[in-house]
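Me: I'd like to walk through this fold with you. Can we go element by element?

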Amino acid sequence: MSANGTGIGASVKRKEDTRFLTGRGRYTDDINLPGQLYGYILRSPVAHANIGGIDTGAAAAAPGVHAIFTGKDMEGVGGIPTGWLIHNKDGSPMVEPGHPALALGKVRYVGDCVAIVVAETRDQAKEAANLIDVDYQELPAVASIEAAEAEGAAQVFDEAPDNVCYDWEVGDRAATDAAFDEATHVVSIDVVNNRLVPNAIEPRAAIANFDPATGDYTLYTTSQNPHLIRLLLGAFVLGLPEHKLRIVAPDVGGGFGSKIPHYAEEAILTWTAGQLGRPVKWTCERIDAFKSDTHGRDHISTARLALDADGKFLGLHVSTKANLGAYLSTFATCVPTYLYGILFAGPYTTPAVYCEVKSFFTNTVPVDALRGAGRPEATYLLERLVDKAAVELGMDRVEIRRQNFIREFPYQTPVALSTTRATTTPRSIWRWTRLTGRASRRGGRSRRRRASSAGSGFRPSSRRAGSRLRRSWGRWARGPGFTNRAASGCIPRARCRCSQAHTAMDRATRPRSRRSSPTCSGSTSRRWTWCTATRPRSRSGWGHTVRARWRWAGPRSTWRSRR
């Protein structure tokens with residue numbers, strides 16, 4: 001940070017709050033297009049059933065109704081894909097059943113999309129949907145991991161025996177077993193990480209428009225990742241080239257992961273707009289959001305830690321069962337594996353780590369990223385285990401962590417990741433002990449009383465860093481990366497250029513992006529909308545620009561020469 005308080009690490013004043021506090025935010029539900037119609041999604045009221053038939057006669061004759069579409073109408077449309085292909089322990093690929101946008105022949109969870117009714121108004125569409133007669137032939141359902149793995153349990157998909165999607169592992173099992181054989185102490189813990197239901201301030205909404213003259217589609221949607229939606233919706237579902245599909249993500253209104261996946265409603269709306277040649281708008285009601293927005297977590301785990309007589313970690317073994325729901329959402333398979341299992345080394349020098357994850361299909365709402373996506377689950381399980389080890393060995397919970405912390409960087413963990421830095425230092429540990437009153441000379445008694453009444457905790461954790469991680473994950477991800485991008489760099493004459501692509505989502509990403517933009521001494525921070533392509537660096541240390549198409553996005557009064 002420079003002397004004038006600018007650059008990386010400087011405090012940046014938020015500029016976007018005024019319009020939100022004064023009610024001038026622009027959410028998807030605030031957008032209306034000329035000639036738009038309204039769609040209502042009819043959802044399944046049962047968890048598992050064959051569809052014997054759908055009678056739409058009475059609904060089609062209702063006032064204002066323009067069209068009703070069911071799964072048979074969309075039979076030629078691609079299903080909703082998942083973004084990650086996971087392999088089993090034996091190297092075979094996971095089971096990936098089809099996920100039709102509208103249920104075709106069977107519903108598999110309460111909230112499964114059955115039909116869409118398009119009418120002049122939202123109320124007309126909803127009233128007409130209530131007139132649709134669906135013949136649900138109910139089947140036995142499994143709503144939990146225990147029920148899904150029980151002998152003789154109902155099968156969610158015929159192609160997934162025993163309701164198993166994959167049985168995955170990471171780490172060296174032989175080395176981990178050897179560490180437990182040599183251990184003086186073995187500590188184990190069982191943890192149920194319960195299912196979470198998101199509840200954003202603004203429910204999901206979408207408006208799809210089709211231009212018959214150009215064949216272009218435009219979708220306004222409450223998405224935290226419009227780049228991902230365009231990729232999956234265009235390439236995998238509707239079969240559209242990218243230049244024919246535009247995704248617009250206005251103010252999201254809360255998400256924290258639940259608005260990252262590609263939802264069936266987005267595909268249904270876009271396809272329906274193309275069929276009718278008019279814009280179609282849909283807004284999710286709160287009760288439907290609980291039944292359709294992807295849930296989070298739902299793990300049952302057993303973890304064991306091997307230690308020597310001095311409390312040094314020797315090995316860690318984690319066995320987790322994950323509930324994926326009825327269908328595979330965009331990141332459903334990735335969250336309990338590569339966003340979870342590879343973090344169990346944590347900030348510790350555990351020489352042997354092994355993690356195995358077995359995932360199951362159930363007749364419940366699909367699961368995806370929510371509030372951390374793998375990291376909180378791994379950290380909570382690991383730190384609970386370390387706390388229990390401290391109690392059983394009679395050690396201080398800070399001391400047992402301190403003697404097992406990583407001291408030299410970079411450090412290669414036993415589970416794929418390389419740790420490059422740490423902020424948990426002896427100084428930070430000392431500050432924590434003062435906070436809880438253990439090392440305070442003044443007010444220690446009152447501070448201890450406050451700590452005992454409110455509780456105190458100590459939880460170091462490790463975080464994933466994107467770019468280095470993505471290079472090591474290249475062979476695991478399917479297709480292009482799904483992350484937003486930012487590129488920056490300095491050029492001679494003390495000028496800086498920064499290119500960023502991101503959405504505001506539900507947190508203060510805009511001021512953070514300004515804070516992370518580099519500035520050089522004596523120059524103003526510049527907001528460029530594209531970056532240059534350069535050849536490799538020469539001996540002089542500077543690359544040679546082969547393409548430069550910078551566009552200034554800031555106030556015109558601050559524009560300066562590109563050269």
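**Strands, sheet and helices**

Me: Start with β9 and β10. How many bridges join them, and are they parallel or antiparallel?
Reply: Strand β9 (residues 205–211) and β10 are joined by six bridges and run antiparallel. Strands pair here if DSSP finds at least two bridges between them. Helices (H or I, at least four residues) and strands (E, at least two) are DSSP runs, numbered from the N terminus.

Me: Before going on, what kind of model is this?
Reply: A predicted one, in which local features need pLDDT of at least 70, side-chain atom pairs count only at pLDDT 80 or more, and totals for chains, interfaces and linings use all residues. Residues are numbered from 1 along each chain as its sequence is written, and side-chain values use heavy atoms, with hydrogens and water left out.

Me: Back to the hairpin. Which residue takes a positive phi?
Reply: G215, near 75°. The hairpin of β9 and β10 has four residues between the strands.

Me: Which residues face each other across that pair?
Reply: A208 has L219 of β10 as its bridge partner. I207 stands opposite Y220 in β10.

Me: What else does β9 pair with?
Reply: Strand β12 (residues 280–283), antiparallel, over four bridges. There A208 stands opposite V280.

Me: And how covered are β9 and β10?
Reply: Both are mostly covered. In β9, five of its seven residues are buried. In β10 (residues 216–221), five of six are. Buried means under 20% relative accessible area, exposed over 50%, partly exposed in between (1.4 Å probe, protein chains only).

Me: What does α6 do with α7?
Reply: The axes of α6 (residues 226–238) and α7 (residues 264–276) come within 11 Å and cross at roughly 65°. Axes are lines fitted to C-alpha atoms, for helices over the stretch in contact, and angles run from 0 to 180 degrees between N-to-C directions.

Me: Which residues make the contact?
Reply: On α6, I229, L233, V237 and L238. On α7, E266, A267, T270 and W271. Contact means heavy atoms within 4.5 Å.

Me: New topic. What is the strand order in the five-stranded sheet?
Reply: β7-β15-β14-β13-β8, an open sheet with mixed pairing. The edge strands are β7 (164–171) and β8 (185–196), each pairing on one side only. Neighbouring strands are turned by 10° against each other on average, direction ignored.

Me: How is β8 held to β13?
Reply: Eleven bridges join β8 to β13 (residues 296–307), antiparallel. S188 stands opposite R304 in β13.

Me: Which helices lie across these strands?
Reply: Helix α5 (residues 173–182) lies across β7, β8, β13, β14 (313–325) and β15 (353–361), at about 125° to β14. Helix α9 (residues 375–393) lies across β8, β13 and β14, at about 145° to β8.

Me: And the whole protein, how many helices and strands?
Reply: 14 helices and 21 strands. Buried residues make up 48% of the 563 residues.
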